[in-house]
Amino acid sequence: MRRSRKQKKDKSSRTLVSHINKKSPISEQYRSVRTNIQFSAVDEDLQTIVVTSAGPGEGKSITSANVGVVFAQQEKKVLLVDTDLRKPTVHYTFRVENISGLTNYLIGDQSFEHIITETKVPNMDVITCGPIPPNPSEILSSKRMEQFIQTAKEHYDLIIFDTPPVLAVTDSTIVSNLCDGVLLVIRSKKTEFEAAQKAKDQLEHVNAKMLGVVLNDREQKESNYYYYYGNR
Amino acid sequence: MEETISLKEIYETLKKRLLLILSITVSAIVISALLSYFVLTPIYQASSQFLVNQEKSESDFQYNVNDIRSSVELINTYNVIIKSPVILDQVIERLNVDMTVNALQSKVTVNSEQNSQVVNIVVQDPNPELAVDLSNTIVQVFQSTVPDLMNVNNVHILTEAKYSPNPSPIKPKPTLNIAIAMVLGLMVGVGLAFLLEYLDNTVKTEDDVEKKLGLPVLGVVSSIEDGDYRPSAKGKKIPVIEKRGGTFEA
């Protein structure tokens, strides 16, 4: 009984597979995402990555958190920014407090150093959303946001932005316009082709650099060789 | 857009929807079995035969092909007469059954083999005894009425329908119905499986992304299961060397 209750409580932090269980096949898969991201931008400076998807619930937050963790494991200083100012989740994933965050900085309330929250993951810091504003799109397209990205680039090797879905709101297109690359998360058996195509078109319309797709929640097969190496 | 379906894809689709196909087939079989055993009234069949032969003069003993031909042509006429109210009214009266001529007509089939002088009268009825009575009475009434109508007496009763102690219905045929239902169920199931597969336009595999979206796949992450959270497969903790760069583990 006690154990099951405890497990339930743990659910929110469980998404950080690559931190909790570094040897799991899932972590290995995130590591291969990391490698591919590094290879996809050989000559370019890839310091800011936007993680987004076509619709809600396709695994943006879990992907951005885990990709951040595997980069941090490579001794890179990683900053994960919760840019989903409508439904923030980063503070749940990392189990940190969301008292002050990105919005406080963007409205000029607090300095950059103030809003950074350290996590249990070495080399990894997060910036939570902060108080939910009434006008997320306007706030994100402000001059202050550009300033924020500049400041963050000075302090960190990699900045990952967890954003709202592309088709629902315009926020992620605004942010991706300011960043070096966009990671589109597609959830196997959930994301429709039309939606993914529309999301891709919208992102390309604002000249965002599409790094590629992370296919999430892919059905596992017995023949999956990751499992051979992961479990034995 | 060019689309080819490989045998393997067909197999995968069928395997994925196997449960759906099987459940449709099984339910079709069950429904048809229930219908044919409990709902549909069993129909029994009785048949009697008579022979049509021209009366011949004693001297002319040889069989004449023309005679036979005319008998055969006569049979066509008889077929109509048997099903006419002239006969059937008398049958209804004689057996004292509560039935209209039309209802009786629908139960009676008259057929004759090609170029033969034997005529079959087949009666189908939910009541096996009534079927026997009807077919026999029709032949008898016909035999007695024909001389009045045609001025010839050339109808001989060949076989009478007999009561059987435990008659078996000719329809519904449960096995046949079940077989039909099975085939139909399979067809509908397979059709539905392919329809669902066609209507499902979600992205599923890496190939889908690369081919249809034209975006590179940076990685595939499988569904995260509970086991993935345990530090090791057997639940025993791996001692972690506290060192920067987390990939170094004992």
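**Questions on a predicted model**

Colleague: How many of the 13 residues of helix α4(A) are buried?
Modeller: The model is predicted. In it, α4(A) is largely enclosed by the rest of the structure, because the buried residues among its 13 number 12.

Colleague: Which residues of α4(A) are the buried ones?
Modeller: A residue counts as buried under 20% relative accessible area. In α4(A), those that pass are A:Lys60, A:Ile62, A:Thr63, A:Ser64, A:Ala65, A:Asn66, A:Val67, A:Gly68, A:Val69, A:Val70, A:Phe71 and A:Ala72.

Colleague: How far does α4(A) reach from its first C-alpha to its last?
Modeller: The helix covers residues 60-72 of chain A, 13 residues. At 1.5 Å a residue, 18 Å is expected. The reach in the model is close to that, at 18 Å.

Colleague: Is A:Val121 buried or exposed?
Modeller: A:Val121 sits in the loop between β3 and β4 of chain A. Leaving aside neighbours within four places in sequence, A:Val121 is in contact with A:His19, A:Val69, A:Ala72 and A:Phe94. Its relative accessible area is 4%, so A:Val121 is buried.

Colleague: How far apart in space are A:Val121 and A:Gln73?
Modeller: In sequence, 48 residues separate A:Val121 from A:Gln73. Taken from C-alpha to C-alpha, the distance in space is 8.5 Å.

Colleague: Which strands stand at the edges of the sheet, each with a single partner strand?
Modeller: The sheet is open and has 8 strands with mixed pairing, in the order β3(A)-β4(A)-β2(A)-β5(A)-β1(A)-β6(A)-β7(A)-β5(B). One side of each edge strand is left without a neighbour in the sheet, because each has a single partner. The edge strands are β3 (116-118) of chain A and β5 (217-222) of chain B.

Colleague: What is the average twist from one strand to the next?
Modeller: The sheet in question is the open one of 8 strands. From each strand to the next, the twist averages 25°.

Colleague: Which residue is the bridge partner of A:Val185 in β7(A)?
Modeller: Strand β6 (residues 181-187) and strand β7 (residues 210-218) of chain A run parallel and are joined by 6 bridges. Across this pair, A:Val185 is partnered in β7(A) by A:Val214.

Colleague: What angle does the direction of helix α9(A) make with that of β5(A)?
Modeller: Helix α9 (residues 143-155) of chain A packs on the sheet. It touches β1, β2, β4 and β5 of chain A. With the direction of β5(A), its own makes an angle of about 140°.

Colleague: Which residues touch the most other members of the largest nonpolar core?
Modeller: That core holds 42 residues, and helix α11 (residues 193-205) of chain A gives the largest share, 5 residues.

Colleague: Is A:Arg95 buried or partly exposed?
Modeller: A:Arg95 lies in the loop between α5 and α6 of chain A. Its phi is near 55°, a positive value in a residue other than glycine. With a relative accessible area of 40%, A:Arg95 is partly exposed.

Colleague: Where in chain A is confidence lowest?
Modeller: Chain A averages a pLDDT of 85, and 88% of the residues score at least 70. Confidence is highest in β5(A), at 95. Over residues 1-13 the pLDDT is below 50. The lowest mean, 43, belongs to helix α1 (residues 2-10) of chain A.

Technical notes
Residues numbered from 1 in each chain as written. Chains lettered and ligands numbered in written order. Predicted model: local features only at pLDDT ≥ 70, side-chain atom pairs only at ≥ 80, totals over all residues. Heavy atoms only, no water. Pairing = 2+ DSSP bridges. Helix = DSSP H or I, 4+ residues; strand = E, 2+ residues; numbered from the N terminus. Axes fitted to C-alpha atoms, helices over the stretch in contact; angles between N-to-C directions. Contact = heavy atoms within 4.5 Å. pLDDT = per-residue confidence, 0-100. Buried < 20%, exposed > 50% of the residue type's maximum accessible area, 1.4 Å probe, protein only. Expected span 1.5 Å × (residues − 1). Core = buried A, V, L, I, M, F, W, Y, C linked by side-chain atoms within 4.5 Å.
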